[in-house]
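How is a pair of aromatic rings described? Please keep this question in mind while examining the model below.

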Amino acid sequence: MKSLKFIQDPLQKPGCLNPPNILLQKNNSIINKARFSKRYFSFLTFRDYLKSFIAHRKLIFDTMKGNRLSDEFKEKIMLAVTAVNGCVYCNYFHSKVALESGLDPESIRQISCLDFEEVSIDEAPALAFAQHYAESHEHPSSKSLHAIIKFYGVDKAQDILNCCQMITFGNLFGNTISAFESRIKGIAPPNNTFWFEFWVYLFFGIFTKFTNWD
């Protein structure tokens with residue numbers, strides 16, 4: 001499966017997002033005071049990503065509904081990707097889901113800090129791959145792909161990749177919301193428009209109204 005298309009803006013690696021504190025701060029944004037430096041969607045990159053996401057939706061939905069990876073393991077992978085991309089909304093939501101799936105707060109904190117020292121040997125390769133996947137802007141090396149296929153087998157490796165792809169969509173969507181908030185505070189993100197960010201912000205407000213984020 002080919003890697004999906006994403007915006008290629010430079011990424012400033014965020015500091016550690018620390019759940020469970022983030023559970024009390026879901027509406028806060030982390031904004032670089034000099035410039036908004038997180039990766040986010042423009043209209044064109046959102047369109048391209050959405051087309052690719054729809055094309056691979058069956059694979060991704062099969063992964064999320066399947067049981068080759070435990071729910072707890074999936075959340076760990078998505079938290080690792082989120083730690084790199086710095087989406088406060090995804091960190092809040094997936095920290096909450098991880099807690100509900102049985103993961104303890106300290107483990108969530110460690111993964112959100114990209115600290116994998118206490119991770120089991122069965123999960124460490126997947127989390128290292130998730131970090132590399134995000135840091136390479138969704139273009140992992142062939143060596144890393146072959147490594148997880150060798151360790152987990154083709155089906156589980158595909159599930160790991162699908163988790164990374166799905167959460168990246170959420171991360172960049174959430175970062176677009178933060179970009180709009182940054183613009184309102186006087187720090188306009190480069191290479192984007194007010195109206196696209198506003199549309200994403202409005203959609204997010206409608207989405208959260210009809211879903212359970214509390």
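The following paragraphs consider aromatic rings in this structure.

The model is a predicted one. A pair of aromatic rings is described by two quantities, namely the distance of the centres and the angle of the planes. In this structure there are 25 aromatic pairs.

Consider F46 and W199. Their ring centres are 5.7 Å apart and their planes stand at 65°. Planes over 60 degrees apart count as edge-to-face, so this pair is edge-to-face. F46 belongs to helix α1, which covers residues 43-55, while W199 belongs to helix α9, which covers residues 194-209. The pair therefore ties together parts that are 153 residues apart in sequence. The two residues may also be described by their accessibility. F46 has a relative accessible area of 10% and is therefore buried, because buried means under 20%. W199, at 41% relative accessibility, counts as partly exposed.

Another pair is formed by F194 and F198. The centres of these rings lie 6.0 Å apart, with 5° between the planes, and the pair is stacked; planes under 30 degrees apart count as stacked. F194 and F198 are four residues apart in helix α9, and therefore about one helical turn separates them. F194 is partly exposed at 32% relative accessibility, and F198 is partly exposed with a relative accessible area of 32%.

Finally, which residues do ring pairs link into a cluster? The cluster consists of F41, F43, F46, Y49, F53, F169, F173, F196, W199 and F203. F46 and W199, the edge-to-face pair described above, are among its members.

Conventions:
Residues are numbered from 1 along each chain as its sequence is written. This is a predicted model: local features need pLDDT of at least 70, side-chain atom pairs count only at pLDDT 80 or more; totals for chains, interfaces and linings use all residues. Side-chain values use heavy atoms; hydrogens and water are left out. Rings of Phe, Tyr and Trp (its six-membered ring) pair if their centres lie within 6.5 Å; planes under 30 degrees apart count as stacked, over 60 as edge-to-face and the rest as tilted. Helices (H or I, at least four residues) and strands (E, at least two) are DSSP runs, numbered from the N terminus. Buried means under 20% relative accessible area, exposed over 50%, partly exposed in between (1.4 Å probe, protein chains only).
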